[in-house]
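Me: I'm new to this one. Can you walk me through how to read it?

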Amino acid sequence: MKYKLTWDLESIFPGGSQSQALQNKLALTKEWISDYQSLNQNWDPQLDKPNYKTLVRILALDEKITNALSQAGSFINAVQSTDVTDTHANAVIFQVGKLRGDYNVVQTSIIKKFAAITDEDFSSLLTQAPFQDIAFALTEMRENGSRLLSEKEETIISKLSQDGFEAWSNHYDTLVSLIKIPIEGKDEKIQELSAGQAMNRMYSDPDPSVRKKIFEEWEKAWGELAPAFADTLNHLQGFRLENYHLHGEEDFMVEPLRYNRIKKETLDAMWLAISKNKQPFLDFLNRKATLMGKKQLAWYDVDAPISIGDFNAKTFTYDEAVDFIVANFAKFGPKMATFAQEIAEKEWIEAEDRSGKRPGGYCTGLPETEESRIFMTFTGSASDMSTLAHEIGHAFHSHTMWDLPRMNTNYAMNVAETASTFAETLVASATVEAAKTDEEKISLLNTNLENATAMFMNIHSRYLFEKSFYSERQKGLVSADRLSELMVSAQKEAYQEQLSVYHPHFWASKLHFFISDISFYNFPYTFGFLFSLSIFAEYKKNPNGFEEKYIALLRDTAVMKTEDLVMKHLGKDITQEEFWNQGIAIMAEDAELFLELTNQFISE
């Protein structure tokens, strides 16, 4: 094997969750936070002007602390991801969270002082060299500061969140570690799969009877713990809603829109365009059902491979997947290809298929060493190769920004998903172009369209569910049974009732609903998907030198509102349905081609 399937974490902090080097870093970070607090206590913006030398020191130390917390947090979360039974990792995660809470308390005080600077003084401050390059971030920080409560009140909320808000999110990880899915092996002996292993097999196994059996056991396993998951979700989001209320915000959509730096009109236009243009993708699902000999697909069939005649879906070794990604990134530009090659060689990717890992995939940044780490489970499918390309896209986004001030790298999730999905699109397009037969092309188009239906239907159902849940949670606790009802209702609406079996406990099995960082960890995926398709369309029109234009766009993702970003680099108005329609149309062409190619395999 050319590339290792496991990542290198020892070069970050040797010793895993028991790392002494990590503890030393946390102890040093605690000292820095104490220094940060002292600087804040002695800082008077009025006395610091006109040169604001103390503010320069504060911002420098702020960057140092946030980089250290990110480095430590990314590492220990990576350790836990590879072994969900590592209980000591949970203790260290709590330790990092406490330091982050202590930092947030001091930062809140600084932001409040910053927000109190007069408009005249603030305008003067932004003209000075130390602050000119971070003007957008400082302006955003000042606006956020104007919404804060008193320093004492914000401190109380932050302190309570460590054993409240953050604790409920961490509790979810503990519950997931208890999930075991029994399945009969080839030797007819029952083996227990972890949540990650079971999920991969449930969606990718070519045998429909196996998928159905795993799904039934999957629903049973999550259902048995549903009351515990319901408690976790209710209290996690109850804390969030109360926090919104204390800050005078009753509309639970305001904060996710603000975080993603987009307008409500933009989000509404996107979902409206999708809702009006689902038919090509419903036709794809129905054709897929026909090819499987079914009237309608079940939930566990939507992402399943299809067999045409004697053709079976092409599989890839991990080495083949990496080499294919690198080769096709090279057609786009040398920088992206070189980066992909290097991270595989440097062992920044955890891809081994084994028990004990958490489900899903992600990319995490290590700002102190200017590195990334990618987590996934690679089973050899074209979909897995797309996931790998997706996560490398995230890492490349960070790679293009390491030289920028830390405050200019805080891009939101919606534009983060743009980079990842663009990388995925490059690879997905290449796999179809490289197909040698209609059967192979059909299989690959199926993978591409699975992604589109995920963005237009699966993600849509998550968004609809979360809106319904938050609305009901504002009135009181929502039972596990009611959560399942809301989930199925959202799925039926998103898929326009075209499935025969739905996934009632999806709300429990999906990590994204339990993340404490931001709410509505869903619509940014669809935003990024469609935005990336628009970028891809522009690249196809004029590919020469496009990589540099693309990198320039990525480097701007944290220093302007999303509407301004798209207007600057693509000249498009994303508050209008027309922008979203062009991206949907690209995938609709794939759906039409899929229908055309599969006509020959439909019995009269």
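Reply: Start with contact, which means heavy atoms within 4.5 Å. Then, buried means under 20% relative accessible area, exposed over 50%, and partly exposed in between, using a 1.4 Å probe and protein chains only. This is a predicted model, where local features need pLDDT of at least 70, side-chain atom pairs count only at pLDDT 80 or more, and totals for chains, interfaces and linings use all residues. Residues are numbered from 1 along each chain as its sequence is written, and side-chain values use heavy atoms, with hydrogens and water left out.

Me: Which residues of H16 are buried?

Reply: An α-helix has 3.6 residues a turn, so residues three or four places apart point the same way. In H16 the buried ones are Tyr318, Asp319, Ala321, Val322, Phe324, Ile325, Val326, Asn328, Phe329 and Phe332.

Me: And how many helices and strands does the chain have?

Reply: There are 26 helices and seven strands. The chain's radius of gyration (over C-alpha atoms) is 24 Å, close to the 25 Å from the globule rule (2.2 Å times the number of residues to the power 0.38) for 604 residues, so the chain is as compact as a globular protein of that length.

Me: How much of the chain is buried?

Reply: Buried residues make up 56% of the 604. As for contacts with a separation of 6 or more, 77% come from residues 24 or more positions apart.

Key: Helices (H or I, at least four residues) and strands (E, at least two) are DSSP runs, numbered from the N terminus.
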